[in-house]
Structures are given as C-alpha cells and as structure tokens.
Amino acid sequence: MTGSDPTLPPKPPARPDRVSLWRYVRLFKADILSAQPARLYRAWMAEFRTPFFRSFLMNQPDLVKTVLKERPDDFPKSDRIGEGLKPLLGQSVFLTNGAQWKRQRRIIDPAFEGGRLKDTFPAMWAAGEAALARLERQVARAEGRAIEVEEVTSHAAADVIFRTLFSIPIEHEVAAEVFSRFRAYQRAQPILNLAAFVPLPRWVPRFYPRGTRANARIIRDLIRRLTAERMTAIEAGTAPDDLATKIMTTRDPVTGEGFGTEEMVDQVAIFFLAGHETSASALAWTLYLMALYPEWQERLAEEAQAMVPEFSGMSRLRLSRDVFREALRLYPPVPMMVREAACPERFRDRSVPKGSQLVLSPWHLHRHERLWDNPDGFDPTRWQTENGKQCQREAYIPFSAGPRVCTGAGFAMVEGPLLLSMLLRRFRVERVAGREPVPVAHLTVRAKDGIWLKISRRD
Ligand code: HEM
C-alpha cells in the first residue's frame, strides 16, 4: 500500500534494494510488482545480472521508442513469453514474429479499423445492458454486503468479446464453457511468469501444471466448433456481419491467402484472452478509483445522463475517457513486456549482449518520478496539462506502441468508457473499510484478494 497516505491510489510495496537471487526468485513468483526495488521508479535503465541470464529494464522514453517503434524487427518477442501459453494459443499473433506475424496482422488489422469499430458498438451496448441487468440482481441479493467487482467486470468483458466476435452472448452454451475453462487455465498458467524472464535452454522439457494441456485441448475444441459453424454460415451466405466474419473473409493483400481453420482458432483464443482479461482488470480498477474519489464518480454519473445508444455519442463521454485513461496509467493491465536483443547493442553506454532480455515496463514508466507530475496521484485533468500531454506521447504505453501495438486499443478505448458510464449512471460504488485492494501482477494487474465495493442503485 502507499505508505500512510490514504489519499493516494494503492501501490504495492517495493522490495529492499539488495536481496539474494533466491529471495528475488521467490518474490517474483509471488508477484512481479512487489519483487522490484523502489529505485526503478527513478531509473532510466537497470540491469539484472544473475548467473543464468541478463536482463535490462528500459525506462527511458527514447530507448522505449527505439525498441518498440523504430527498430522492432531487431527486438522480437521473446519465445519465453509464450512458454505457458503455447498449448492454448499455438501460432497466435500474440506469440509469432517476423514474416508470419506481419501476415497475420495484415489479415486481422482491417477488422479493428475505425469504421469497423463503429459496427461493433451495438454489440458492446447490448453487453453493457446485460451487465446492468446481472448487477441489478446481484445487488438485490447482496442486501448491502460488499460485491467483488473483478468478477463483475470479467463477466461483462467476456460478454463483449463473444458478442462482437461471434454475435453470441456469454450465456450461449459454448461461450459459457470457454469462459469458465479459460479461468481454470489462467489460474494455472499466467501470461507473465518466471519462465518469461528466465531463459531455459531448448532441450529442457517443459512441464505444465496438471490438466493444462487437457484444458487447452478442450478450449480449442470448443472454439473450433464456433469457427467451423461460422465457416459454414459464410459459405451459405448467412453469416452475421461481426468481427469473426470480417477476419475469416479477409485475404492477405500480399499473398491473397486467408486464415485456415487452425490458425483462426489460434487467433480467436488470443482475442478472447487478450481482450477480456485486460479490459476487465482496467474496468475493475477504474471502479475502485471512483469509490476512492467520489467527487469524480459524481461528475461521471452526471456526464452519463446524456448518453445515447449510438457510437457518435461516445465523444460526449469526455470525462469518462480521461478517467479511464488515468486508470490505465496507474494500473496498466499488462504491467511488463519482454523483448529480446537479436544483435548486440549499446544502450546508455552499456553493452547489451545479443540474446539479452529487454523488459519494457508500463508499470514503472507510467509512474516514473522524473517524468510525470504527481506520478502516484490520481488526476484525470493531467491529460490537459503540458506535462500530461508530453508524457502521453512519450511515457504512456498501456497498449504498447509501434507496429506491434495492441490490435484492440481503439476497441478497448470505446468499451472501457462506455461500460464505466453505463455502470455509474445506474449504480453508486463505495469503498469497504479494511478491504483496500493491493495490486499484484498475475496474468494482468489484479488485486491480491479481489476488489470489494459496496454497490447501490442511484435512484
Ligand atoms: C484495456 C484493454 C487492453 C489493454 C490494456 C491491452 C494491452 C495490450 C498490450 C500491452 C499488448 C502488447 C503486448 C506485448 O507486446 O507483449 C497487447 C497486444 C494485443 N492485444 Fe491488447 N489490450 C487490451 C484490450 C484488447 C482487446 C479488446 C483485444 C481484442 C479484441 C486485444 C487484442 C490484442 C492482440 C491480438 C494483441 C497482440 C498484438 C501483436 O502482438 O501483434 N487487446 N494488448
């Protein structure tokens, strides 16, 4: 927690500056955020040298720019990051590199372009309405007791994905099973785990927790059913005009080929995983911040009165957007990203050997004490200040940056403010004394024991 200042949003404790490697490994396994020393909030670059590997945390805007935007081909995604996810995600765009990755992006990106985004709006709105109805029942059942909101936002975000991708709600039999099996998988196999940072030689066999492979197979079988049914509908000319149809009918302008069934299954799996965990985490933290800063909550509730079920109405939710953006700064759902140096480099006059792990940390960059005014404070008005504008350009990467930027960034920036405004128009959220959430990084930045809030109807 943030020292003794109750007015600041919760921040995990830092570890002492010097600890033994084994202690570091233990801390890291528990939570990658509190495993780091406080100096990383001030450092431009830091090196972790262990007997087994070297990694560098890059915290300087121009170095981040070099790696992500200017020379991305020289800093591919480390294979390690996908270790735990391979059985589930196969050759998904999240894990691939080089020519294969470029081809996949050429097929996927058109589905997420601005114009198409507008087409997904009715499905997002319907998911918001469904979330309100569910919460209504939950609030009535709770009779004033606290409600865990990560569960609420997870359900809502999963519903958004199924409705926008396949035009089916989360209650659909296959969707519901995919959702519950994904949870079991994630609990056993976080996206960012120790393996991502510790290079294992290729000959070391990979052990997955019991049930991981079997669960991955079942999830893939379910997704395969959805894609096969969709292919039949596309061929029959009866397919709905949603993201799945768009992606499955797009041909790569360079090769003229589209995705085969297995490759499409890989992509659907990552859309579901990347698209629902992240949005759910961001929305849950935003709701907590609204409970912490009730004056902002009231402003958003008021702004939401003018909301209309049309895409064009999104431009009116300006405060909601600023608040959501600030929540993504303080609690970036993907706290760290790993890349690999494909050739030897020299950064800040230090030699970075070929094969080194480069860690880009939205978590630290977004709270960098030498870049941001009031780095740990919650201030949605910062985006209108000189410092805020400059930092947004140079030190704000919740969706990464450059050609490998999140495909769903525009989608998420509609979904987040929309659901936030819909929820706050109907409900009021309040903190529960003694249950302040502590951020920890599992798959995404989550609260150690959930985020508990008292929720009541506004009227
Ligand atoms: C608040 C919500 C979201 C956040 C903060 C977020 C963040 C990110 C980040 C940081 C990456 C880069 C990871 C890396 O390079 O290691 C990424 C990649 C990706 N995201 Fe998102 N994301 C969000 C929502 C979504 C949504 C809604 C979708 C799809 C519907 C999506 C699909 C993807 C995909 C496919 C990639 C892989 C892109 C590539 O490697 O080329 N994300 N996301």
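Ile451 counts as buried because its relative accessibility is 0%, where buried means under 20% relative accessible area, exposed over 50% and partly exposed in between (1.4 Å probe, protein chains only). The model is predicted: local features need pLDDT of at least 70, side-chain atom pairs count only at pLDDT 80 or more, and totals for chains, interfaces and linings use all residues. Residues are numbered from 1 along each chain as its sequence is written, and side-chain values use heavy atoms, with hydrogens and water left out.

**Surroundings of Ile451**

- Ile451 belongs to the loop between β10 (445-447) and β11 (452-457); helices (H or I, at least four residues) and strands (E, at least two) are DSSP runs numbered from the N terminus.
- Residues up to four places away in sequence aside, Ile451 touches Ile147, Glu148, Val149, Glu150, Ala284, Trp285, Tyr288 and Pro437, contact being defined as heavy atoms within 4.5 Å.
- Val432 is 19 residues from Ile451 along the chain, and the two C-alpha atoms are separated by 9.6 Å.

**Overall fold**

- The protein chain contains 16 helices and 11 strands.
- Of its 459 residues, 57% count as buried.
- Among contacts in the protein chain with a separation of 6 or more, 74% come from residues 24 or more positions apart.

**Ligand site**

- The ligand sits in the largest cavity.
- A cavity is defined on a 1 Å grid over the protein atoms alone, as a set of points where a 1.4 Å probe fits but cannot get out; a molecule sits in one if more than half of its atoms lie within 2 Å of its grid points.
- Two or more residues of the shell around the ligand come from each of α4 (98-108), α11 (261-292), β4 (337-340) and α16 (409-426).
- Helix α11 gives the most to this shell, with 5 residues.
- There are 25 residues around the ligand, of which Trp101, Arg105, Arg339, Arg404 and Cys406 come nearest; a residue is near a molecule if one of its heavy atoms lies within 4 Å of it.
- By class, the shell residues divide into 15 nonpolar, 6 polar and 4 charged.
- In this classification, Ala, Val, Leu, Ile, Met, Phe, Trp, Tyr, Cys and Pro count as nonpolar, Asp, Glu, Lys and Arg as charged, and the others, Gly among them, as polar.
- An N or O atom in the side chain of Trp101 is 2.7 Å from an oxygen atom of the ligand.
- For Arg339, a polar side-chain atom lies 2.7 Å from a ligand oxygen atom.
- For Lys77, a polar side-chain atom lies 3.3 Å from an oxygen atom of the ligand.

**Buried polar side chains**

- Ser320, in helix α13 (residues 318-330), is buried, with a relative accessible area of 0%.
- The side chains of Ser320 and Ser421 are joined by a polar contact of 3.0 Å.
- A polar contact is a pair of N or O atoms within 3.5 Å; within protein, one must be able to donate a hydrogen and the other to accept it, and residues adjacent in sequence count only if both atoms are side-chain atoms.
- Beyond residues up to four places away in sequence, Ser320 touches Leu300, Glu303, Pro417, Leu420 and Ser421.
- Asp242 lies in the loop between α9 (212-236) and α10 (243-249) and is buried, at 6% relative accessible area.
- The side chain of Asp242 makes a polar contact of 2.6 Å with the side chain of Ser167.
- Neighbours within four places in sequence excluded, Asp242 is in contact with Arg116, Thr164, Leu165, Phe166, Ser167 and Arg230.

**Loop between α14 and α15**

- Phe378 is found in the loop between α14 and α15 and is buried, with a relative accessible area of 10%.
- Not counting residues up to four places away in sequence, Phe378 touches Pro9, Leu289, Met290, Tyr293, Trp296, Val323, Glu326 and Leu330.
- Asn374 also lies between α14 (362-365) and α15 (386-394); its relative accessibility of 44% makes it partly exposed.

**Positive phi angles**

- Most residues other than glycine have a negative phi.
- Asn374, which is not a glycine, has a positive phi of about 45°.
- Arg348, also not a glycine, has a positive phi of about 50°.
- Arg348 is found in the loop between β5 (345-347) and β6 (350-352) and is partly exposed, with a relative accessible area of 45%.

Notes. 1 Å grid on protein atoms, 1.4 Å probe; cavity = no way out; pocket = protein on both sides within 12 Å on 5 of 7 lines; lining within 4 Å.
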